[in-house]
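Work through the exercises below with the sequence and the model open side by side, and try each task before reading its solution.

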Amino acid sequence: MAMKETMVEQGFVPWDSTKEMPNEAKSSFLKSRVWEMGIYFHVLMKPLRAQFFLALDRGAANPALRGQQMSNSSFPTEFLLLPFTDTRQLQLLHFGLFLGIYLAALLGNGLILTAIACDHRLHTPMYFFLFNLSLIDLGTITTTVPKAMANSLWDTTTISYAGCATQVFFYILFVAAEFYLLTIMAYDRYIAICKPLHYGTIMANRTCVNMAAAVWGSTFLYAVLHTANTFSLPLCQGNLLDQFFCEFPQILKLSCSDAYLREAGLLVVSVVLAFGCFVFLVLSYVPIFRAVLRIPLQQGRHKAFSTCLPHLAVVSLFISTGIFAYLKPPSISSPFLNLLLAVLYSMVPPALNPLIYSIQNKELKCAVRRQIWGMFSST
């Protein structure tokens with residue numbers, strides 16, 4: 001009772017005393033109490049609010065803090081690709097250059113696909129594998145170039161997490177399939193030149209189909225495992241990729257050091273398989289050149305070389321650009337050089353392969369001419 005009287009003397013009105021007030025006085029009293037509590041809460045939270053907005057201002061003024069906050073996210077929603085340039089005119093120039101290369105690859109590989117599919121004289125094992133190689137080249141350049149053209153045209157560098165995973169999957173699929181298919185094509189040339197009497201038996205249609213199916217099936221499984229393993233790694237180094245398209249070595253650079261060991265086993269298996277294919281290529285071409293050089297007639301030697309040299313040129317272009325891009329010394333590494341090498345091994349081979357195969361191959365050139373003449377004559 002004494003405490004209640006003291007509170008009344010200090011200006012506090014007990015809540016139970018409102019029972020004796022009229023309704024209008026009670027409503028006024030409650031409104032005043034709510035207003036006093038709001039003022040008290042505002043005064044109490046003012047220092048905390050000031051510290052909160054100060055932290056926001058510091059984060060906006062310091063990009064390193066934003067990068068640190070981004071790096072804390074293990075699975076970002078998007079990635080930032082490396083732009084070729086920040087100048088708008090050069091971006092449009094890159095768009096035009098990429099568009100020209102892409103259209104050249106579409107035209108060249110499309111003509112080869114149409115010629116092989118429509119000309120029954122090209123229904124042989126060599127052209128069957130070349131048909132698959134053209135499909136792979138179209139897939140490889142379609143995986144990387146359209147997104148790069150869109151980024152240059154719209155002045156953006158972002159790619160979604162799902163889009164990046166899709167790009168990595170298809171790029172691994174087509175690159176691995178091309179390497180294995182080039183190995184099979186070397187074996188095909190070895191049988192055709194070194195064992196011509198047994199060529200029809202060894203390289204039967206069913207055998208060729210089984211080889212191609214094994215290439216597509218194994219590389220599909222390999223791409224699934226590689227992509228799933230890569231994108232299951234937590235990323236601790238932000239979301240900025242040092243490349244103009246999503247490439248799994250660049251994503252591995254963003255992963256945590258301890259999580260990277262999960263991918264090491266698959267990388268070792270990949271290197272062993274690639275080295276095995278390379279050794280098989282070398283062992284196939286050594287007896288091929290010996291057999292060709294023993295051909296007495298110049299015409300027969302030229303025909304043999306015309307079927308081997310294009311394949312050897314494609315293999316050399318594919319392997320040399322890839323090896324230099326991934327095994328170059330760190331002392332000469334730079335963003336511009338990385339972009340240039342990426343263009344060489346991801347865009348140039350698919351665009352040049354149709355030209356390389358059609359220069360020395362008279363049968364293929366005649367078939368392509370017939371297709372072009374048929375298209376113009378039908379119109």
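**Exercise 1.** Is aspartate 155 buried, partly exposed or exposed, judged by its relative accessible area?

*Solution.* Bear in mind that the model is predicted. Begin with the position: aspartate 155 is found in the loop between α5 and β2 (158–160). Next take the relative accessible area, which is 48% for aspartate 155. Because buried means under 20% and exposed means over 50%, aspartate 155 counts as partly exposed. Finally, look at the backbone, where phi of aspartate 155 is near 55°, a positive value in a residue other than glycine.

**Exercise 2.** Find which residues line the largest cavity, and state which element gives the most to that lining.

*Solution.* Start with the count, which is 1 cavity of 30 Å³ or more, and then note that about 90 Å³ of space lies in the largest cavity. The lining is made up of Met126, Tyr127, Leu130, Met185, Asp188, Arg189, Ser306, Thr307, Pro310, His311, Tyr357 and Asn361. Two or more of these residues come from each of α5 (125–154), α6 (161–194) and α11 (298–327), and α11 gives the most, with 4 residues.

**Exercise 3.** Compare the reach of helix α8 with the expected value, and list some of its buried residues.

*Solution.* Helix α8 (residues 205–231) has 27 residues, and its reach from first C-alpha to last is 39 Å, close to the 39 Å expected at 1.5 Å a residue. The buried residues of α8 include Cys208, Ala212, Val215, Thr219, Tyr222 and His226. An α-helix has 3.6 residues a turn, so residues three or four places apart point the same way.

Notes. Residues numbered from 1 in each chain as written. Predicted model: local features only at pLDDT ≥ 70, side-chain atom pairs only at ≥ 80, totals over all residues. Heavy atoms only, no water. 1 Å grid on protein atoms, 1.4 Å probe; cavity = no way out; pocket = protein on both sides within 12 Å on 5 of 7 lines; lining within 4 Å. Points joined across faces, edges and corners; volume = space filled by probe spheres on them. Expected span 1.5 Å × (residues − 1). Buried < 20%, exposed > 50% of the residue type's maximum accessible area, 1.4 Å probe, protein only.
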